Amino acid sequence: EWIDSDDPNGPDYVWNDIVATGTQITDWVTTGSSDPRDDGVAGPFNLGFNFKFYGDVRTQVYVYTNGILAFVPITANWYRNTSIPAATTPNPFIAPFWDDLHGRTQGTVHYKQDGTKFIVQFTNWQKYSASGSLTFQVVFNSNGKIQIYYQTLTGTLNSCTVGIENDLGNDGLQVVRDAAYLKNNHAIQFA
């Protein structure tokens, strides 16, 4: 299930900036013929604990430039966001902001293992059109919960997919696809 910070029982919005304390991802590997900071993947990164996701224990995660965190290597360009669930998309994954994104001209991605949490933060990342600025983070908790925090989002926000999906692509939770929903200082929790 998922719930957001607009719900009285939802998660609090808590921003823990890791730019100064985390490790910047610089070793992007292209998933096609593009610049690796456009269509690229990095990892795997060790979570530091066993993380249960759709019944399977995961210990590592890959980060994809187009706003996807996957538990298996991504070997193709998945810049066109689709509905969740869909068997044709990269599986299994978490999509905090799946769209045609890039870090060619600005932005960074950092990660940090912090005891019972593993955090991935996109900072000032852009859409492919070199417009807007997106700063958000995903927090994996050892208790199985996932929080996504949206700090500052500018530009077109109604063209992306947010959600999670299992290994087969036949089960998932779609929060939004190509609709107005995301906003600054907002949190979503999956549990």
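Predicted model: local features only at pLDDT ≥ 70, side-chain atom pairs only at ≥ 80, totals over all residues.
Let me begin with the open sheet, which is made of seven strands in the order β3-β4-β5-β6-β7-β13-β14, with antiparallel pairing. At its edges stand β3, residues 29-30, and β14, and each of these has a single partner strand, so one side of each is left without a neighbour in the sheet.

On we go from β6 to β7, where two bridges make the antiparallel link, and here Leu69 is found opposite Ile94 in β7. Strand β7 covers residues 93-98 and is mostly covered, in that six of its six residues are buried. From β7 there are four bridges to strand β13, residues 161-165, again running antiparallel, and Ala95 stands opposite Gly163 in that pairing.

A further set of strands involves β9, residues 108-114, which is joined antiparallel to strand β2, residues 23-24, by two bridges, with Gln24 opposite His110 in β9. Strand β9 is also joined to strand β10, residues 117-127, by seven bridges, and this pair too runs antiparallel; as one example, Lys112 has Ile119 in β10 as its bridge partner. Together β9 and β10 form a hairpin with two residues between them, and in the turn Gly115 has a positive phi of about 70 degrees.

In soluble globular proteins, nonpolar side chains tend to be buried together. In this model the largest nonpolar core holds 37 residues, and the ones that touch the most other members are Val63, Leu69 and Phe140. Strand β4 supplies the largest share of this core, namely six residues. What does Val63 contact, once we leave aside its neighbours within four places in sequence? Its contacts include Ile25, Trp28, Phe45, Ile68, Leu69, Val109, Val120 and Phe122. There is also a second, separate core, which has 10 residues, among them Val41, Ile74, Ala95 and Trp98.

My last topic is the largest pocket, which has about 160 Å³ of space. It is lined by 13 residues, and those nearest its centre are Phe53, Tyr54, Ile164, Phe190 and Ala191. Two elements give two or more residues to this lining, namely β4, residues 40-53, and β14, residues 172-177, and it is β4 that gives the most, with three residues. Sorted by class, the lining has eight nonpolar, two polar and three charged residues.

Is Ala191 buried or exposed? At 56% relative accessibility, Ala191 counts as exposed, because the cut-off for that class is over 50%. Leaving aside its neighbours within four places in sequence, Ala191 is in contact with Glu1 and Lys145. As for His102, Ala191 is 89 residues apart from it in sequence and 29 Å apart in space, C-alpha to C-alpha.

Key
Residues numbered from 1 in each chain as written. Heavy atoms only, no water. 1 Å grid on protein atoms, 1.4 Å probe; cavity = no way out; pocket = protein on both sides within 12 Å on 5 of 7 lines; lining within 4 Å. Points joined across faces, edges and corners; volume = space filled by probe spheres on them. Nonpolar A, V, L, I, M, F, W, Y, C, P; charged D, E, K, R; others polar. Core = buried A, V, L, I, M, F, W, Y, C linked by side-chain atoms within 4.5 Å. Buried < 20%, exposed > 50% of the residue type's maximum accessible area, 1.4 Å probe, protein only. Contact = heavy atoms within 4.5 Å. Pairing = 2+ DSSP bridges.
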